[in-house]
Amino acid sequence: MNPEIATQYYFAIKLTTVRLVVIVFGLVAYPVILSWFLKYARYVTVALTAWALIMYIEDYFVLYSMIEYPQGSSIDAVHLLRPIFIVSLIWMCFELTFIAQPRE
Amino acid sequence: MSRKEIINAEIGLLLRDASDALPKVKYRTVQSLTFKILLGIINLYILLGFLLYLLVKGSLIDGINADFLDQGYLSIVNTRATVVLVFLMIMNISAYYNYGFKHLSIILFIYMLNSAIDTAILFSGFSQIAERPYFSVFQLSRPLFLICLIWIAIVHKDKIKDA
């Protein structure tokens, strides 16, 4: 394998590992916040959406020369689902920000 | 009608018009001194960072490891410096109009945190802290900046009832 590509794979795996740890924590904490701290759910959703969007933009427009994701059907599927996931989060932000909250 | 009477009439008209405007001004949210100081610190940090980037880009300062910059760091700093500067402008406009400031400070917090983590992961192996003193100072003071962003989101008053 080309050493440059190998370095890019290595960086992508390192970065993805850190991101996955944060995602796991987010997935555990988010239902708790939605259930018991609805007042702050809006801000947490905005933060998560911003993070997902920033990661997506940085991967394709900023870090494109530094990282390269390995080829594979599961990785392609995740890449395909990323925009859908981001649009869903943006929708949730709008729902939580502009629609009245009866439970608040 | 004498000149004095005309002036008095004009002043009276002006004051009457102003009295309509006064209640609108009265109900504007006034932010605390802490908010103003924190906003100043945030502006200063970002502007100094942009200045540092311009100095490095123009090769106007020494002490930077050139190999480290060649690894792609400069192109990444280029994009990030521009994005953060644009974000600062939007944030200042938002603070002036008092609309969506909390959301913007959270988004900037996430952006700065993400960029700090990315830089730490991708570039930690290329260079030692002493080899890039200016960037290191900027990176090491990042936690303080992040604290400022969270603090300003907390002390910001959205509505008149908060003021």
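Predicted model: local features only at pLDDT ≥ 70, side-chain atom pairs only at ≥ 80, totals over all residues.

Colleague: Which residues touch the most other members of the largest nonpolar core?

Modeller: They are A:A50, A:W51, B:I107, B:L108, B:I110 and B:Y111, in a core of 25 residues. A nonpolar core is a set of buried Ala, Val, Leu, Ile, Met, Phe, Trp, Tyr and Cys residues joined through C-beta atoms within 7 Å. A residue is buried if 20 or more other C-beta atoms lie within 10 Å of its own, exposed if 12 or fewer, and partly exposed in between, with C-beta atoms placed from the backbone.

Colleague: Which element gives the largest share of this core?

Modeller: Helix 4 of chain B, with 9 residues. Helices (H or I, at least four residues) are DSSP runs, numbered from the N terminus.

Colleague: Is A:W51 buried or exposed?

Modeller: A:W51 counts as buried because it has 21 C-beta neighbours inside 10 Å. A:W51 is found in helix 2 of chain A. Leaving aside neighbours within four places in sequence, A:W51 is in contact (C-beta atoms, placed from the backbone, within 7 Å) with B:I110 and B:N114.

Colleague: Now the chains. How many residues of chain B are in contact with chain A?

Modeller: 13 residues of chain B are in contact with 16 residues of chain A. On the chain B side, helix 4 gives the largest share, 10 residues. By class, that side has 8 nonpolar, 4 polar and 1 charged residues. Ala, Val, Leu, Ile, Met, Phe, Trp, Tyr, Cys and Pro count as nonpolar, Asp, Glu, Lys and Arg as charged, and the others, Gly among them, as polar.

Colleague: Back to chain A. How do the axes of helix 2 and helix 3 of chain A cross?

Modeller: The two axes come within 9 Å and cross at roughly 155 degrees. Axes are lines fitted to C-alpha atoms, for helices over the stretch in contact, and angles run from 0 to 180 degrees between N-to-C directions. So helix 2 of chain A is roughly antiparallel to helix 3 of chain A, a word for angles over 145 degrees.

Technical notes
Residues numbered from 1 in each chain as written. Chains lettered and ligands numbered in written order. Helix = DSSP H or I, 4+ residues; strand = E, 2+ residues; numbered from the N terminus. Contact = placed C-beta atoms within 7 Å. Parallel < 35°, antiparallel > 145°, perpendicular 65-115°, else oblique.
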